[in-house]
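This report goes through a protein chain by region. Please view the sequence and the model alongside the text.

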Amino acid sequence: MGITIAATIFVFSLIVFVHEFGHFFTAKLSGMQVDEFAIGFGPKIYSIQYGSTLYSLRAIPLGGFNRIQGMSEQEEMNERSFLKKKVRYRLIVIAAGAAMNFILAIFLIWGVMFTVGSTTVSTEPVVGSIVDNSAAANSSMKDGDRIVSIGGTPIHEWSDISKAVAEHSRSVVTVVVNRDGKELDLDMVPKYDNQSRHSVIGVVPVITKETHSFFDSAYLAVVRTGEICKLMITGMYGMIVGTEKADLAGPIGVAQLAGQIASVGFINLLLFTAFLSINLGILNLLPIPMLDGGYIILLLIEAVTGHRMPQKALYYIQIVGMVLLGLLFLFAMVQDFNRLF
């Protein structure tokens, strides 16, 4: 329990702090007045005034926030107010939060690749290792076996294995493997894995480890971050159009995952943090009111038309955004509880 709490605090604090720091830093560079920059939420533990900004440490160590003066027309304005600045500066400030999340991910992946190296997972259906007490282990499957078919379904690449196994949940299935040029029939009963919520036979693909130079690591970190972004966007699109199952994790699910991954090792937790940082960056750029992406759309409209959206229209847009985000949060929480129970 302790490691789960510590890992959750570390992950959420880092990615939200970096996101808010992006807004704060660019607001300062743009000459905007930042009334407060806080680490954490809730009651103040410690605070210090430096210039026009109050820097505070809050009791709940999950992320942070900053208050930029004049983000609403109801506030008293001065020449340093957010709404008094040109559209291009406001766009930079709003987009900087998500940008910092991508930069954080690149630096984390860069550091891990340079110090530890990277691993490449083979797509070939060749067994790299076998999980103890699994169906594969009980059937005398060996490392190096090439899976030819499962229950009569041909296996051409590693991703075919899970699909074929799913059709034979908790029933005897014959797995044909090629071992030293000879084909063998292995009978086994796939086991249901509560964590992945799928039936598995307990095999792991061939994983090779590589080391990289400082600059190669930087390049690969950028490439890997781009690949993750592409996968996330494709996955989101699939969930929206219904071609993929809508599988989301809320705060409980993320905390549970953070604890599980932290128990494996700190390096894995850093990579998980990078993954979540990219996730937060993409989610914040979605064109939904109340998110940074929704605000960016409004600023682009203002840049084209030369006029701000009327206050009444903004009010209704924000209501729609709150409802959408509320429904998304509830859906994620329901999935969290389903995974728990």
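Leaving aside residues up to four places away in sequence, serine 134 touches Lys191, Ile201 and Gly202, where contact means heavy atoms within 4.5 Å. The model is predicted: local features need pLDDT of at least 70, side-chain atom pairs count only at pLDDT 80 or more, and totals for chains, interfaces and linings use all residues. Residues are numbered from 1 along each chain as its sequence is written, and side-chain values use heavy atoms, with hydrogens and water left out.

Serine 134 sits in the loop between strand S4 (127-130) and helix H3 (135-138). Helices (H or I, at least four residues) and strands (E, at least two) are DSSP runs, numbered from the N terminus. The side chain of serine 134 reaches the backbone oxygen of glycine 202 at 3.5 Å. Its relative accessible area is 6%, so serine 134 is buried; buried means under 20% relative accessible area, exposed over 50%, and partly exposed in between, with a 1.4 Å probe and protein chains only.

Asparagine 133 is found in the loop between S4 and H3. With a relative accessible area of 61%, asparagine 133 is exposed. Its phi is positive, about 60°, although asparagine 133 is not a glycine. Most residues other than glycine have a negative phi.

Arginine 179 belongs to strand S7 (residues 173-179) and counts as buried because its relative accessibility is 18%. Which side chain does the side chain of arginine 179 meet in a polar contact? The partner is the side chain of aspartate 145, at 2.8 Å. A polar contact is a pair of N or O atoms within 3.5 Å; within protein, one must be able to donate a hydrogen and the other to accept it, and residues adjacent in sequence count only if both atoms are side-chain atoms. A polar atom of the arginine 179 side chain also lies 3.2 Å from the backbone oxygen of serine 140. Beyond four places in sequence, arginine 179 touches Ser140, Met141, Lys142, Asp145, Leu184 and Leu186.

Aspartate 180 is found in the loop between S7 and S8. At 77% relative accessibility, aspartate 180 counts as exposed. Phi of aspartate 180 is near 55°, a positive value in a residue other than glycine.

Leucine 186 is placed in strand S8 (residues 182-188) and, at 10% relative accessibility, counts as buried. Not counting residues up to four places away in sequence, leucine 186 touches Ser139, Met141, Val173, Thr174, Val175, Val177 and Arg179. Leucine 186 and methionine 141 are 45 residues apart in sequence, and their C-alpha atoms are 7.4 Å apart.

Glycine 151 lies in the loop between strand S5 (146-150) and strand S6 (153-154). A relative accessible area of 38% makes glycine 151 partly exposed. Its contacts, not counting residues up to four places away in sequence, are His168, Val173 and Thr174.

On a 1 Å grid over the protein atoms alone, a pocket is an open set of points where a 1.4 Å probe fits, with protein on both sides within 12 Å along at least five of seven lines; lining residues have an atom within 4 Å of a point. Among the 21 lining residues, Ile261, Ile267, Asn268, Leu271 and Phe272 are the closest to the pocket centre. Helices H2 (87-115), H5 (214-241), H6 (251-264) and H7 (266-284) and strand S3 (118-121) each give two or more residues to the lining.

H7 supplies the largest share of this lining, 6 residues. H7 has 19 residues and reaches 27 Å from its first C-alpha to its last, close to the expected 27 Å; the expected span is 1.5 Å times one less than the number of residues. Buried residues of H7 include Leu269, Leu270, Phe272, Leu276 and Ile282.

## The whole chain

The protein chain has 9 helices and 12 strands. Its C-alpha trace spans about 80 × 40 × 40 Å along the principal axes. Of its 341 residues, 39% count as buried. Among contacts between residues at least 6 apart in sequence, 63% join residues at least 24 apart.
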